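Please consult the sequence and the coordinates alongside the text.

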Amino acid sequence: MDSQSDFRTRLFAKIAQANGKQSLPENLTASFQQLINGTKGQQSGLAPIADCLAAFKENARLAACELFEVISLSEINTLLSERMPAGANLMVSPQPALQPCEWSVATTDNAREAQWGLALAEIAIAETGSVCLHSEAVATGLLYLVETLIVVVQQSQIVARQEEAWQQMHIGTGQRPRALHMITGPSRTADVEQMLQLGAHGPREVLIFILAN
Amino acid sequence: MKSVGFFASCPVDLFRPSVGFASVELLEQAGFTVHVPPQSCCGQVNFNNGVSSQARQLAWNLITTFEPFDYTVIPSGSCGGMIKHHYPELFQDDPRLPRVLTFCEKVFELTDFLVTVAEQDLTQRLVFPNAQSSATRSSANPLSEKSAVITYHDSCAGLREMGIKQQPRKLLKACGVAVSEMVDTEVCCGFGGTFCVKHAQVSARMADNKIDNALAVNADLVIGGDLSCLLNLAGRAKRRGANLNFRHVAEVLVGDWQTPAIGEADEQG
Amino acid sequence: MSNHFVVRTQAALANQQLQSALAKAGGGFVARRQAAIDAVDDFELMRDQAQAVRKKSLADLEIYLAYFEQQVEAAGGRVHWAETTEDLRRIVIELCQQANAKTIAKGKSMVGEEAHLNQALEAAGMTPWETDLGEYILQLAHEPPSHIVAPALHKTKAEIEQLFKQAHTLGERDLSAVKAIVDEARAVIRERFLKADVGITGANMLIAETGTAVLVTNEGNGDLSACLPRTHIITSTFDRVIPTWEDASKIIRVLARSATGQPITSYTSFFSGPKTAKDHDGPEAFHVVLLDNRRSEILGSDYREMLHCIRCGACMNHCPVYQTVGGHAYDSVYPGPMGAVLSPLLRGYNQDYELASASSFCGRCEAVCPVRIPLPKLMRKLREQEQSVVPPGLLQKFALAGFTWLANKPGLYRRLTGLASACLHRLAGGRGRLHRLPLASGWTSVRDLPAPQGGSFQSQYRRAGSAKKSAGK
């Protein structure tokens, strides 16, 4: 890999020179921190969103999500009983907040055998109707291999814009989940004559249950 | 009275002087003294083909010729854009830049000038001759009838470099001309300078799309603010045998229906 | 000297299936983008912010890039450096061999296309499976992409139906509905994520502060390819690095709106290193392969702004030339306006300079570019540069020089052009137009030439002026 490290050195020199500098700084971390000092922690700079709940619901609907407002998790059972087809399995994410609830349908902890998935969002973003879930809390398969994905959103966890979400999750150097998924509606494609088709490889449906405070 | 240096632009100068005369009349009606100093090309074709040095030569000639006037007005968004938008770019490393910038501030496309600087109120002048003025009515010209469907093509440079969109429509409305908008008015007609010659087939297809859009609104007449676009479209339309006429907005505003439309045969008798 | 682009466009214009596909695609992208922009009050501000992020990211790129590398490696990932596309192919193959990869799940990667990665993997005895629907269609058809966001845009539904029927042995079935085609792709491709040893994806952005690759998709295949296989390889370029997550949000806001007219795509995912003990799942090995391929030259050149591109495809969606001939006519994985600038800069093929001339400079590309790249200006610069690389035809050179010489002599210009106008008018014989004219076949091959009115404006105005004077007005 000598030629690679050789190229790496030349590349950095070229980039620095193109930017009117001699070389990389002595203290990389300090220089980096100084550069981001002004913007880290800043808000979006866009118009404020007065009613985050309303905006979240509106935008999630526009992204083809189905929305429900509930007071307790057990209310979800009604929908599960009505809509889950016979023989289908539900995979519930092992997140603590979801555990106390008794589920009225068949469950599995193998994403490859689940047709429905249920998880709790870390945070939800009003400006696009998006929910954020990450790898420390949820398995990838639950989010992407199921036919129908149910996401529970605590009303208090809805923020206006992305920047607030990153700040609330304390995202920064050394502090981030290994995989964070910002999901907005079901999977889709328009690769066939630009005609939109919901349900590509990921879930065909996304149902969002907003849990009142 | 303020002075206007009128720069005709190559297409007008070479192919359709009636646009020049119409423009001069409009400017004089608006209360300006119009001068037509010796002029040639703004240098756009050199600039767009990567020979900036030649473009700069032509640009400097133009600037020094026209800077004595209060305004320089051009019946073209394309040449207007070249001068106002690109001359500063051409001279950005040149010590003459300040003089260039001062000049460019006084450069205007015709319809924009009439609306924003001259604030011309043309309501008194009707495009379609009224019953009393039989001398100006040409019964042989079906377009003098108010039922003619008229549509407008926005030239790319006019739109994107000179901000020409509402101005011609405002003037036409004031003259009693209703514009039936076609789809994709803002899509290129396929002229693009040497592009229309180097890529003739693609250019022709683009012109065809524009012509089809005009026909789709049953247009009889297509008006535009750039003669180069109109020459391209008229030429293609005639080759196709499409039943469509083309005129420059200046001619329509001044009520010139005598002059045959672009590419049309001279009137007999 | 024949122009290769012209030859390809003639084929494209005559290709009925292509024209049908383009007609279906055309207005949709434009209308959807406009609707997305109309739905927000502050799109111009979003554009300003995105442009500022791209600009500042390049201005201190050496620091952000070094920090990015540090963060990836601190998390247990590896960053690899590829000077050329050949280096990239070699590095990726080595990584796949180290992982004992037989099957590879591929998410869409423009850099992978740029480096012709699939062919190299196949030649090395491995099986890359495209999982993005558009790329999968192209893999079946053995064709390159024609658009950077919708790679199979040139394919009609009927053609896709045919390809599926030939490739999948699933018996008699009705694939005439889009849903049926997509459902079949879902079923066929599902196994690939579950079985693949390695997942290779691209990245839309690389975030320095946390060593993160950002993946912006709609289908879900990218995420599955990134998370399920034991090894995740990201093929990207060094100029994609931006400082923070807040900066990423600025670009995310304009990307999907400009590309597909969505406020955001279904999946915007952030991957930072291999699986840790805290995670439910994830790859054991996390590799980021960064390609140069002359971008370091571009950075120090007058074309630097081209590196601001966020690969949204809005420029080609609005380009009247692209909409007429499609992406294959450009003979590059980067077509349309951004490709007309980027392709010659990356490949250094003399032929690519033709692309800069294949533009009417209508300016629509620049008007819709979310980060305001001055594409016509860059194309013009390439036209200037082309003179020293590909000498212009003698006819053009002398015609232009001759015309300029004349134009610098106003008196002579007026007299000669006045004469020419009068002659052409007479040549048209009152018909108002000419079908043919020597030396003007470029024009008259497809159009009539409207005849001059007889005498130039300047010559007529002068005469009218002297007539006024002599009439004592």
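The model is predicted, so local features require pLDDT of at least 70 and side-chain atom pairs pLDDT 80 or more, whereas totals for chains, interfaces and linings use all residues. Residues are numbered from 1 along each chain as its sequence is written, chains are lettered from A and ligands numbered from 1 in the order in which they are written, and side-chain values use heavy atoms, with hydrogens and water left out.

**Interfaces**

The size of an interface is often expressed as the accessible area lost when the parts come together. Here, buried area is the accessible area (1.4 Å probe) that two parts lose on being put together, summed over both, and contact means heavy atoms within 4.5 Å. The table lists the values for each pair of chains.

| Chains | Residues in contact | Buried area | Share on carbon and sulfur |
|---|---|---|---|
| A and C | 82 of chain A, 100 of chain C | about 7,800 Å² | 56% |
| C and B | 60 of chain C, 66 of chain B | about 5,500 Å² | 58% |

Between chain A and chain C there are 14 salt bridges (a side-chain nitrogen of Lys or Arg within 4 Å of a carboxyl oxygen of Asp or Glu). One of them joins A:E136 to C:K278, with the closest N and O atoms 3.9 Å apart. On the side of chain A that touches chain C, α1(A) gives the largest share, 10 residues.

The interface of chain C and chain B has 1 salt bridge. B:R239 pairs with C:D448 in a salt bridge, the closest N and O atoms lying 2.7 Å apart. Polar contacts link 30 residue pairs of chain C and chain B, both residues at pLDDT 80 or more. Helix α20 of chain C (residues 394-407) contributes the largest share of the side that touches chain B, 6 residues.

**Cysteines**

Over all chains the structure holds 0 disulfides, a disulfide being a pair of cysteine sulfur atoms within 2.5 Å. For B:C188, the nearest cysteine sulfur, that of B:C156, is 3.9 Å away. B:C188 is buried (under 20% relative accessible area; exposed is over 50%, partly exposed in between; 1.4 Å probe, protein chains only), at 6%. For C:C315, the nearest cysteine sulfur belongs to C:C312, 6.4 Å away; C:C315 is buried, with a relative accessible area of 7%.

Definitions and conventions: Helix = DSSP H or I, 4+ residues; strand = E, 2+ residues; numbered from the N terminus. Polar contact = N/O pair within 3.5 Å; in protein donor to acceptor, adjacent residues only side chain to side chain.
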